[in-house]
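Me: I'd like to learn how to read a structure, one feature at a time. Could we take it slowly?

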Amino acid sequence: MIKNAPELIAIFAECFIVTRMLIRYFRLKSDNCEIVKWVILFIPLFVTDVLGSFYITNEVFLITTCLICELMFAVVFLKGSLIEKLMISIVNYAILYFINLPVLTLMSTISGTSTFQLMTSQNTERIVCLFITKLLQFFVTEFILWIRKKEEFQFKINEWIIVISAFIVT
């Protein structure tokens, strides 16, 4: 279990960043029991991510269950439209993959090991890679929240489709 500690810390950080992004982006419908609501979203995301990372090791399972958890939470506790909630949840995971894959490739190139070895090893390069990806994910979500705070805007469904399509095509 000790050898998985860096991975567990990275999963914890990732789930915290996603939880924070959703709650800060949409704001809670009611500020009653705010910490409990954070935990209600964080725990299922953390459990799902641990299961998807260590036991089931299926990205489709991981993303689908995390999106379902986020969407259910967002519908019950957060302000905003359903489409926007779905799109922001998707954007959260798109950000994650658009950061993880290039950093993993860069670290693989720098260290001279394959990406598979880097993903499965418990060496210094892996820990640095995890740290960099979570730090970049935090900064990107902070930037999104900063833009959101600066300008209150609502995308229409066709605009969200264009935004998501641009991510996918890229």
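Predicted model: local features only at pLDDT ≥ 70, side-chain atom pairs only at ≥ 80, totals over all residues.

Me: Got it. How many disulfides does the structure hold?

Reply: A disulfide is a pair of cysteine sulfur atoms within 2.5 Å. Here the count is zero.

Me: And what about the whole chain? How many helices and strands are there?

Reply: Helices (H or I, at least four residues) and strands (E, at least two) are DSSP runs, numbered from the N terminus. This protein chain has seven helices and zero strands. As for burial, 36% of its 170 residues are buried.

Me: How much accessible surface does the chain have?

Reply: Such areas come from the Shrake-Rupley method with a 1.4 Å probe, and for residues only the protein chains shown count as cover. The protein chain comes to about 9900 Å², and 73% of that belongs to carbon and sulfur atoms.

Me: What share of the contacts join residues at least 24 apart?

Reply: Contact means heavy atoms within 4.5 Å. Take the contacts between residues at least 6 apart in sequence: 71% of them join residues at least 24 apart.

Me: How do I check the length of a helix, say helix 4?

Reply: You work out an expected span, which is 1.5 Å times one less than the number of residues. Helix 4 has 30 residues and should span 44 Å; its end C-alpha atoms are 43 Å apart, so the two agree. Helix 2 (residues 34–55) has 22 residues and reaches 31 Å from first C-alpha to last, close to the expected 32 Å.

Me: Which residues of helix 2 are buried, and what covers them?

Reply: Among them are Trp38, Leu41, Phe42 and Leu45. The cover for the buried residues of helix 2 includes helix 1 (5–26), helix 3 (59–77) and helix 4 (82–111).

Me: What is a nonpolar core, and which residues stand out in the largest one?

Reply: A nonpolar core is a set of buried Ala, Val, Leu, Ile, Met, Phe, Trp, Tyr and Cys residues joined through side-chain atoms within 4.5 Å. The largest one has 24 residues, and Leu45, Leu78 and Tyr93 touch the most other members. Helix 1, helix 2, helix 3 and helix 4 each give two or more residues to this core. Its largest share, eight residues, comes from helix 1. There is also a second, separate core of eight residues, which includes Val103, Leu104, Leu118 and Cys129.

Me: Where is Tyr93, and what does it touch?

Reply: Tyr93 sits in helix 4. Its relative accessibility is 8%, so Tyr93 counts as buried. Leaving out residues up to four places away in sequence, Tyr93 touches Val18, Leu45, Cys66, Leu67 and Glu70. Tyr93 and Cys66 are 27 residues apart in sequence and 9.2 Å apart in space, C-alpha to C-alpha.

Me: How are aromatic pairs described?

Reply: A pair of aromatic rings is described by the distance of the centres and the angle of the planes. Rings of Phe, Tyr and Trp (its six-membered ring) pair if their centres lie within 6.5 Å; planes under 30 degrees apart count as stacked, over 60 as edge-to-face and the rest as tilted. By this rule there are eight aromatic pairs. Tyr25 and Phe26 form one that is edge-to-face, at 4.9 Å centre to centre and 75 degrees between the planes. Both Tyr25 and Phe26 are buried. Ring pairs also link Phe12, Phe42 and Phe46 into a cluster.

Key:
Residues numbered from 1 in each chain as written. Heavy atoms only, no water. Buried < 20%, exposed > 50% of the residue type's maximum accessible area, 1.4 Å probe, protein only.
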